[in-house]
Amino acid sequence: MDKEKLHHEDEKTDIVKFGFWIYLMTDLLMFAVLFAAYAVLRDNNFGGITIREIFNPPFVLGETLLLLTSSFTCGLAIVFANQENKKMVVSFLTLTLILGLGFLSMEFSEFAKLFGEGQTPQRSAFLSSFFTLTGTHGLHIIVGCFWIIVMLAKIVRSGLSVGTARKLTLFSLFWHFLDIVWIFIFTIVYLMGGLS
Amino acid sequence: MMEFIFGRLTWSSLPHEWFTIGGTIAMSGMMISAIALVTYLKRWKWLWREWLTTVDPKKIGIMYVIVASLMLFRGGLDAGMIWLQQAISVGSSHGYLNADHFQQIFTAHGVIMVFFVTMGFLFGLLNFIVPLQIGARDLASPFLNTLGFWLYVAGAILINLFFVFGGEFAATGWLAIAPLSELQYSPGVGVDFWIWSLQVSGLGTLLGGINFIMTIIKKRAPGMTMSRLPLFTWTSLFGMILVVSIFPILTATITLLSLDRLLGFHFFTTDMGGNAMMYTNLIWMWGHPEVYILILPSFGIYSEVITTFSQKKVAGYTSMVLAGALIAFIAMLVWLHHFFTMGSGADVNAFFGISTAFIAIPSGVQIFNWISSMYKGKIRYEVPMYWFLGFAILFMIGGTAGVLLSVPSADFQLHNSLFLVAHFHTMIIGGALFGIFAGITYWFPKVTGFKLHERLGQYAFWCWLVGFIVSFTPLYILGSMGAARRLDHYDVSTGWQPLFILAGFGFLIILTGAMLHVVQIAVSIMQREKLKDTTGDPWNGRTLEWSTASPPPFYNFALVPRVTSRDAFWEMKKNEKIIENPKYEDIEMPKNTALGIYVAAFVFLIGFGMVWHLFWLVAIGFIGGIVCVIIRTFDEDTEYVVTAEQVKKMEGGRKIYG
Amino acid sequence: MKKDPHGSFKSYIIGFLLSVIVTLCSYFIVVNHLVPRDAATTIILTLAGFQLVVQLVFFLHLYKESGPRWNLVIFISTIGIVFLVVIGSIWIMYHLNNNMTPTDMSHVIQSEEGILK
């Protein structure tokens with residue numbers, strides 16, 4: 001690619017990354033509201049189950065380590081993308097997807113177990129806020145997994161173009177961001193719940 | 001099965017009251033006339049190509065202003081209905097509206113005026129003017145721009161759609177406070193229409209906010225450092241920063257409300273541990289900075305107007321920018337003053353009372369700087385200056401009323417009284433709307449190529465100013481006498497009726513002003529040859545937008561301007577920096593796209609489906625929207641080239657400053 | 001785009017290892033009751049904040065922007081607003097809740113009004 005076009009593409013990447021970063025900040029603010037609602041409502045269990053009873057330490061640790069590792073593999077995928085190593089990008093993206101799906105299945109089973117016991121969001125304000133906060137995070141992970149699949153399809157079919165590499169960068173911002181939000185869910189919801 | 005297909009829709013959802021039938025007929029009538037006109041003129045292809053799929057922010061800006069004007073008449077109609085009811089519903093008479101209907105009207109009035117009128121006008125002006133002021137050719141993301149506009153339109157349609165389907169709007173006040181807005185007390189579709197029209201248009205606003213920040217930060221012309229930005233761009237930036245800071249809060253909060261309503265969650269319910277006060281807290285966290293979003297761009301407009309018509313640079317540019325930033329910052333710290341009376345106690349109330357009073361300081365800086373900017377200037381009293389002077393008078397009154405209200409103990413008397421209503425209308429009409437009118441008058445020649453009729457503009461102004469004073473001074477008095485807001489009926493013994501009637505006369509004067517605006521536009525169009533702007537710089541302006549032709553070519557600038565100072569164009573004119581033998585270049589411009597309107601249409605389906613529990617429709621909307629977005633993101637061919645030859649031809653030898 | 005590939009690998013590996021260590025520290029502090037309760041809350045919140053910075057630096061490379069640091073500025077202002085939203089809500093709601101009539105008082109009020117069921 002000639003120098004002028006390269007400069008144009010770099011400029012475009014810079015602007016697109018900037019815009020996406022602002023969007024991520026708005027997403028963070030939306031999570032802030034959910035955290036605030038959780039903080040205010042977490043003791044309003046209306047005689048029902050409390051967070052202390054929900055907290056299953058090794059299970060949550062497992063979820064956390066899965067997500068953290070997926071953030072790591074995502075980062076490695078980016079490094080390989082910078083080296084234009086299509087094969088390794090596909091491998092590490094796939095690994096990220098598998099770990100992400102692992103996280104989701106664990107969270108899904110946690111939800112299913114609670115629902116089975118009648119501990120639904122409709123049972124109390126605490127449960128409403130618990131499920132909404134963790135569920136919204138889970139929905140974002142689902143979107144991320146879907147995003148990986150679309151990107152894998154594109155890369156496998158037409159390789160690592162500048163446009164695709166750009167989207168990969170945006171995805172990595174998104175995925176790292178979700179892991180960061182999870183740190184706080186892990187700490188504030190589960191660990192502090194265990195301390196209560 | 002039927003329930004799956006039709007959700008909550010039944011035959012009785014269709015219009016069967018006088019106002020729903022009337023509203024449906026009116027809206028269908030307008031739509032049919034528009035369709036007939038376009039068909040008669042054989043302009044469908046043109047409409048689609050030039051307007052509906054455009055990414056040109058100048059055209060998008062014009063469309064925003066048109067939709068906002070239509071919504072202004074709807075909101076104004078609501079205001080008239082409120083006035084009439086309150087003027088006659090005394091003692092044994094209960095007016096012509098029952099309480100529930102009255103409540104729906106004032107709710108709709110507030111939502112429409114805030115979200116669809118003021119925000120619409122502001123986004124219109126920002127779209128047209130900001131890129132020109134910073135020497136850019138377009139916003140950072142043309143696609144997000146068109147998408148944002150069509151989401152705004154989708155929201156505007158949704159909020160008017162209850163006339164046709166459902167027959168009821170929210171009867172909760174414009175912010176739908178819980179628990180009144182919860183399913184238990186508002187079981188119908190009204191609150192759902194409120195929720196989903198705001199979710200849809202709110203998404204558009206958020207995307208617009210992101211887009212403008214990207215544009216102002218990253219797409220300035222070379223040499224246009226932040227310290228050389230025009231003040232309108234600065235205050236618009238602050239407004240957009242507030243948008244991205246608070247609209248996520250709105251989205252999250254009304255999502256929680258809709259979870260309560262749709263799925264039986266318990267965030268704000270009165271039972272099962274819900275806490276309705278949390279709704280009030282969260283919604284005002286959004287609501288207060290929102291009103292600063294409404295006013296900040298107008299502050300910028302006043303700065304532009306004063307400096308142009310006093311032919312002087314602004315006094316204290318740095319302090320103006322800092323004051324604007326401080327206003328935006330403090331705006332985030334005052335929200336509790338909307339619920340002093342909810343009982344958070346002295347400590348909390350004191351903190352927020354003080355922070356609220358503090359906002360008067362940077363506002364004062366702005367006012368003093370404006371006056372200083374005029375001092376010893378060669379002042380020309382064109383219509384935009386009239387609007388500024390009207391603003392100055394009204395803002396003093398309304399602002400002082402605000403400082404009064406910021407004292408918690410005073411607020412305990414005046415909270416939710418007509419005094420409060422008078423205060424915020426003074427700020428929004430006297431502050432934001434007058435600024436918008438000033439901006440529209442000021443920039444009208446740039447947009448259309450001809451000025452607005454001067455005399456009619458003056459008449460319209462006087463009607464608005466006098467009408468406002470006649471309409472709202474009685475409300476300040478009534479509020480101090482103890483009259484609460486949102487009353488659909490009151491006792492004769494209060495002695496309030498004469499003041500309500502006087503307020504009504506004020507409304508009629510304002511209405512005359514609005515009609516004069518319409519006449520002004522019609523007459524200006526008819527006299528456009530006489531009022532023509534041939535140079536592109538009809539006011540001897542100071543900022544870059546005046547360096548272009550009126551209207552500007554679609555690419556804004558043939559050559560990207562090189563900026564060396566504040567008031568960039570003024571300096572260029574002063575130093576006669578004309579480029580001899582300009583070397584025209586190829587210009588890359590974004591292609592039009594229909595995906596903005598398509599995605600918005602799918603999102604509209606989601607909104608409508610959610611209101612009526614047509615979940616299959618929601619799914620279609622969701623999938624359709626996602627597919628369109630994916631198509632767009634994989635489209636590598638979104639730009640086209642305007643060759644240097646074509647540019648040269650379109651410029652036609654026009655002087656280029658640089 | 002000139003990027004040192006080995007440097008980048010290193011960045012992610014360090015970030016990952018640090019994050020795992022911090023996560024395990026928080027976890028065992030809580031699960032094994034290593035510290036009294038109030039101290040534990042402060043410690044795990046601090047550790048979370050530390051892990052946030054680790055991930056911002058090593059995964060998101062937030063310090064690496066050339067030119068004016070817009071991304072960093074925007075991030076810090078967002079964190080400020082997040083604090084405002086969360087802490088502000090907690091402070092306000094705490095006071096509002098405290099000033100609500102307590103349930104045992106409502107019994108007294110009801111009997112005084114003669115409406116006690």
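This is a predicted model: local features need pLDDT of at least 70, side-chain atom pairs count only at pLDDT 80 or more; totals for chains, interfaces and linings use all residues.

Biologist: What is the secondary structure of chain C, and in which order do its elements run?

Modeller: One lists the elements from the N terminus on, and for chain C this gives α-α-α-α, that is, 4 helices and 0 strands. Of the 117 residues in chain C, 36% are buried, while carbon and sulfur atoms hold 69% of an accessible surface that comes to about 7200 Å².

Biologist: How many residues of chain A and chain B are in contact, and how should I read the area between them?

Modeller: Buried area is what two parts lose in accessible area on being put together, summed over both. Here 32 residues of chain A contact 34 residues of chain B, and the two chains bury about 2800 Å², with 76% of that area on carbon and sulfur atoms. I15(A), V33(A) and Q122(A) together supply 18% of the area that chain A buries against chain B, more than any other three residues.

Biologist: How many salt bridges does the rule find across the interface of chain A and chain B?

Modeller: There are 2, one of them between the side chains of D14(A) and K218(B), at 3.0 Å from N to O. On the side of chain A that touches chain B, α1(A) gives the largest share, with 16 residues.

Biologist: Are C628(B) and C25(C) buried or partly exposed?

Modeller: C628(B) has a relative accessible area of 9% and is therefore buried, the limit being under 20%, whereas C25(C), at 36%, counts as partly exposed. A search over all chains finds 0 disulfides.

Terms used. Residues are numbered from 1 along each chain as its sequence is written. Chains are lettered from A and ligands numbered from 1 in the order in which they are written. Side-chain values use heavy atoms; hydrogens and water are left out. Helices (H or I, at least four residues) and strands (E, at least two) are DSSP runs, numbered from the N terminus. Buried means under 20% relative accessible area, exposed over 50%, partly exposed in between (1.4 Å probe, protein chains only). Accessible areas come from the Shrake-Rupley method with a 1.4 Å probe; for residues, only the protein chains shown count as cover. A disulfide is a pair of cysteine sulfur atoms within 2.5 Å. Contact means heavy atoms within 4.5 Å. Buried area is the accessible area (1.4 Å probe) that two parts lose on being put together, summed over both. A salt bridge is a side-chain nitrogen of Lys or Arg within 4 Å of a carboxyl oxygen of Asp or Glu.
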